Amino acid sequence: MISVLARLAWTYLVPNGANFVDLHVYVGGAGMLDGPGTLYDYVYADQTPDFPLPFTYPPFAAIVFYPLHLLPFGAVAFAWQLGIFAALYGVVRLSQRLLDLGSGNPRTAMLWTAVGIWIEPLRSTFDYGQINVLLVLAVLYAVYSTRWWVSGLLVGLAAGVKLTPAASGLYFLGARRWAAVAFSAVVFLATVGISWLIIGDETRFYFTKLLGDASRVGPIGTSFNQSWRGGISRILGHDAGYGPLVLAGIAVTAVLAVLAWRAIGGASDRLGAIVIVQLFGLLLSPISWTHHWVWLIPLMIWLLHGPLRERLGARVLGWGWLVLTLVGVPWLLSFAQPTIWVIPRPWYLAWAGMVYIVATLATLAWIAATGRRSR
């Protein structure tokens, strides 16, 4: 409770404690469904003059967010923060359950939630009013549930709101949960169909013109982008796209992820398996903002409470990730870049910007090596 109150105090009492820019985009973009303009013409620039924020999400997201624009924004922002607190606690509790800890330890769950509020992925989530914690919660429950239709429904809806949860399909393919895979695809296509019926022009424009346009999502080279494309671009000094170096990095990550998956016994370790899949997805994506890295909470729980918890490497990695995210290295590096749009930088800043990428490779490599020996 002290941590929650401290976060709320930071939001409302500290100058620039939170700007809710992404929540403004959700609400303002959804409001365009009533206006004369089109959804993908919307931009929010009141607090981001150097980067006017467009609505970059699938059209189904605007339909889901539509009721929010009918309410006072201050009330929506406050309720949104409470929802993030609750979802974070749910993520911790589900992580415990996926480790077969039964009901888990509520005090431990509260401690993880209290600390988790202050790691960089959650700090940026609260600052911007992001939705990623809710999506992580949905995917974790999809993994936890043994009912194919529940799992497929949650993954399909999550992907309909924001495409990134679609990477979860790799977990269900690896787990051979074919019905969940098929139903998630059906549900996602249903979100596209619903969007087509309600806002056909915007739906057509998004899926034919905007899908895959990373430049619209944001600046590739900013230190906040912790993907292979972002890391290599900072080293080269220009957008590397999906060139040879980026593809090589993705290939190495894929090999390590497969080896790590096999080392822990695949989907028999449900939390470890979904975390491995999500780490691969984060490095694969063209843009993985720090607030996308909420998956580090389940990762740290798996390392420090999971089947390999007695290993020295698990404790080093678990506590190392915690220190890394509490400090917020990408956030610190952001102060050394003139603007978020400037890609070139001194070599030492460019290589320091690989911090999440290198830590992820080290984690996957350790799991691959140690998990097999442990089994």
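**Figure 1. Arg-176 sits in the loop between helix H9 (169–174) and helix H10 (178–198).** Helices here are DSSP runs of H or I with at least four residues, strands are runs of E with at least two, and both are numbered from the N terminus. The model is predicted: local features need pLDDT of at least 70, side-chain atom pairs count only at pLDDT 80 or more, and totals for chains, interfaces and linings use all residues. Residues are numbered from 1 along each chain as its sequence is written, and side-chain values use heavy atoms, with hydrogens and water left out. Arg-176 is not a glycine, yet its phi is positive, at about 60 degrees. Its relative accessibility is 64%, so Arg-176 counts as exposed. The cut-offs are under 20% relative accessible area for buried, over 50% for exposed and partly exposed in between (1.4 Å probe, protein chains only).

**Figure 2. Phe-20 lies in the loop between helix H1 (2–13) and helix H2 (21–31).** Phe-20 is another residue other than glycine with a positive phi, near 55 degrees. Phe-20 has a relative accessible area of 8%, so it is buried.

**Figure 3. Helix H13 spans residues 228–236 and is mostly covered.** Seven of its nine residues are buried. They are Trp-228, Arg-229, Gly-230, Gly-231, Ile-232, Ser-233 and Arg-234.

**Figure 4. Helix H4 (residues 73–98) meets helix H7 (residues 132–144).** The two axes come within 9 Å and cross at roughly 25 degrees. That angle makes H4 roughly parallel to H7. Axes are lines fitted to C-alpha atoms, for helices over the stretch in contact, and angles run from 0 to 180 degrees between N-to-C directions. Angles under 35 degrees count as roughly parallel, over 145 as roughly antiparallel, 65 to 115 as roughly perpendicular, and the rest as oblique. H4 passes H7 in a left-handed crossing. Left-handed means that the near helix is turned anticlockwise from the far one by less than a right angle; clockwise is right-handed. H4 contributes Gly-83, Ile-84, Ala-87, Leu-88, Gly-90, Val-91, Leu-94, Ser-95, Arg-97 and Leu-98 to the contact. H7 contributes Val-133, Leu-134, Val-136, Leu-137, Leu-140, Tyr-141, Val-143 and Tyr-144. Contact means heavy atoms within 4.5 Å. By class, the residues are 14 nonpolar, three polar and one charged. Ala, Val, Leu, Ile, Met, Phe, Trp, Tyr, Cys and Pro count as nonpolar, Asp, Glu, Lys and Arg as charged, and the others, Gly among them, as polar.

**Figure 5. Helix H7 also packs against helix H8 (residues 148–161).** Their axes come within 8 Å and cross at roughly 160 degrees. H7 and H8 are therefore roughly antiparallel. The crossing of H7 past H8 is left-handed. On the H7 side, the contact uses Leu-135, Ala-138, Tyr-141 and Ala-142. On the H8 side, it uses Val-150, Ser-151, Leu-154, Val-155 and Ala-158. The contact has eight nonpolar residues, one polar and no charged.

**Figure 6. Val-136 and Ala-138 belong to helix H7.** Val-136 has 4% relative accessibility, so it counts as buried. Setting aside residues up to four places away in sequence, Val-136 touches Val-91, Val-294 and Trp-295. Val-136 and Phe-205 are 69 residues apart in sequence and 28 Å apart in space, C-alpha to C-alpha. Ala-138 counts as buried because its relative accessibility is 16%. Ala-138 and Val-91 are 47 residues apart in sequence, with 8.9 Å between their C-alpha atoms.

**Figure 7. His-291 lies in the loop between helix H15 (270–284) and helix H16 (296–305).** At 3% relative accessibility, His-291 counts as buried. Neighbours within four places in sequence are left aside here. His-291 then contacts Asp-22, Pro-121, Ser-124, Thr-125, Tyr-128, Gln-130, Asn-132 and Lys-162.

**Figure 8. An unreviewed UniProt entry lists spans under "transmembrane region".** UniProt positions follow the numbering used here, feature names are shortened, and annotations may be inferred rather than shown by experiment. The end C-alpha atoms of residues 70–92 lie 32 Å apart, and the span is 87% helix and 0% strand. For residues 242–264 the end C-alpha atoms lie 30 Å apart, with 87% helix and 0% strand.
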